[in-house]
Amino acid sequence: MEHLLNDADVVKFIVTGYHITEPDLPAGLNETIAAKLDTLESNPGDAITETVPELWQVLENARVKGALTSLLGTGYEVQSHRHWHCKQTHSGHMNWHQDSTNNRDLRLNRFLGLYYPTDITPDMGPTVIVPGTQYRNAPTDRMATYTNIKGQVPLTVKAGTVAFTHYDLWHGTAANSSDKKRHMIKFLFRRTQENDSPNWDHDPECMNRPRDWNLKDQAEDPANILAFSNPLQVSQSDHYKERKIRRRVWDYLNGNTEAIPA
Amino acid sequence: MEIVAGELEWPYETVHDAIVDGWQIVQFPHLQAPFDDKDLDVVGYEFILQKMEVVD
């Protein structure tokens, strides 16, 4: 299969909780979708793909399918829930939150795909994510006093970008101070069968090489990224816990389903 | 304060720097024990500071 992720890509997703894809979509597709969304007067909810059927072309793109297959296996499912998030012009920010309730699951069995049909500039109310927070189970009320967090990343992206984000990643939205509506379509994807081996472009020796203690997480090597990355700059004991969780997720994706019991 | 997407300008690198500049701690971070030592939750080190100044 084309456009599978490599080991470093998969490890970065485990560590940061997101992966950005810029699919090579047909000319005019983003513009067509954005124009339709601009004129919608009510939110069709899950039926957004019936109102704007061109959205299926995004999901059928080889780069999108390659990333999804790599992380969720060949039998991944596009779930029936999807949503058009229209950030209206001159609307305020949205506080940090994690989706759903605080029953989290370390097994990487579902995540979101956020598709943006237009360029997103900082003044258009981009989604803002906090890489590395996906293993921190935090009730929204406990996050209420947080404002900007060191390490947060605004998804100021090119038209056509699909950002895959871990289901439990902390995210919010900046204010839209522009005169343009900001469109984002959220899709939900789910694994249907557990891995018995890696589904990505995998080198079985990738974790066996010696770590680079000089470059640390700057080395583009999966073992280094898994061990040294610290996107939130957390302190030592939290970093140890995080590393253990990352390793269990890696083992789980490699087919060791015992690494994270159901 | 709201979540912003532009370049962030942090007034201080550390809480200590802020205290040296006249801020006072009004709430220390909650110590989160008892806890399951395998789990991670909120980001720690959440100091709440205040500074009182005369306004003309």
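Reader: Let's start with chain B: what pattern does it follow, read along the sequence?
Author: Along its sequence chain B runs α-β-β, and its secondary structure comes to one helix and two strands. Helices here are DSSP runs of H or I with at least four residues, strands are runs of E with at least two, and both are numbered from the N terminus. Please keep in mind that this is a predicted model, in which local features need pLDDT of at least 70 and side-chain atom pairs count only at pLDDT 80 or more, while totals for chains, interfaces and linings use all residues, and side-chain values use heavy atoms, with hydrogens and water left out. As for labels, residues are numbered from 1 along each chain as its sequence is written, and chains are lettered from A and ligands numbered from 1 in the order in which they are written.

Reader: And how much of chain B counts as buried?
Author: Of its 56 residues, 9% count as buried, where buried means under 20% relative accessible area, exposed means over 50%, and partly exposed lies in between, with a 1.4 Å probe and protein chains only. Chain B exposes about 4800 Å², and carbon and sulfur atoms supply 56% of that area; the areas come from the Shrake-Rupley method with a 1.4 Å probe, and for residues only the protein chains shown count as cover.

Reader: What share of the contacts in chain B with a separation of 6 or more comes from residues 24 or more positions apart?
Author: They account for 44% of those contacts, a contact being heavy atoms within 4.5 Å.

Reader: Switching to chain A, at what angle do the axes of helix 1 and helix 8 cross?
Author: The axes of helix 1 (residues 7–16) and helix 8 (residues 236–253) of chain A cross at roughly 135° and come within 10 Å. Axes are lines fitted to C-alpha atoms, for helices over the stretch in contact, with angles from 0 to 180 degrees between N-to-C directions. Angles under 35 degrees count as roughly parallel, over 145 as roughly antiparallel, 65 to 115 as roughly perpendicular and the rest as oblique. Helix 1 and helix 8 of chain A are therefore oblique to each other.

Reader: Which residues meet where helix 1 and helix 8 of chain A come together?
Author: From helix 1 of chain A there are Asp7(A), Val10(A), Val11(A), Ile14(A) and Val15(A), and they meet Arg246(A), Val249(A), Trp250(A) and Leu253(A) of helix 8. That contact divides into seven nonpolar, no polar and two charged residues; Ala, Val, Leu, Ile, Met, Phe, Trp, Tyr, Cys and Pro count as nonpolar, Asp, Glu, Lys and Arg as charged, and the others, Gly among them, as polar.

Reader: What does Met207(A) touch, leaving aside its neighbours within four places in sequence?
Author: With those left aside, Met207(A) is in contact with Val11(A), Pro222(A), Ala223(A), Leu226(A), Arg247(A) and Trp250(A). Met207(A) is in the loop between strand 9 (182–190) and helix 7 (222–228) of chain A, and at 17% relative accessibility it counts as buried. Asp201(A) also has its place in the loop between strand 9 and helix 7 of chain A; beyond four places in sequence, it is in contact with Leu4(A), Leu5(A), Asn6(A) and Asp7(A).

Reader: Is Ala8(A) buried or exposed?
Author: Ala8(A), which lies in helix 1 of chain A, counts as buried because its relative accessibility is 10%. Ala8(A) and Glu220(A) are 212 residues apart in sequence, yet 6.8 Å apart in space, C-alpha to C-alpha, and Ala8(A) touches Pro222(A) and Ile225(A), not counting residues up to four places away.

Reader: Where is Arg136(A)?
Author: Arg136(A) is in the loop between strand 5 (127–129) and helix 6 (140–143) of chain A, and it is buried, with a relative accessible area of 1%. Not counting residues up to four places away in sequence, Arg136(A) touches residues including Trp170(A), Asp238(A) and Glu242(A), along with Leu40(B), Asp41(B), Val42(B) and Val43(B).

Reader: One last thing: what is the phi of Ser100(A)?
Author: Ser100(A) has a positive phi of about 65° although it is not a glycine; it lies in the loop between strand 3 (94–97) and strand 4 (110–116) of chain A, and at 52% relative accessibility it counts as exposed. His3(A), likewise not a glycine, has a positive phi of about 60°; it lies in the segment before helix 1 of chain A and is partly exposed at 33% relative accessibility.
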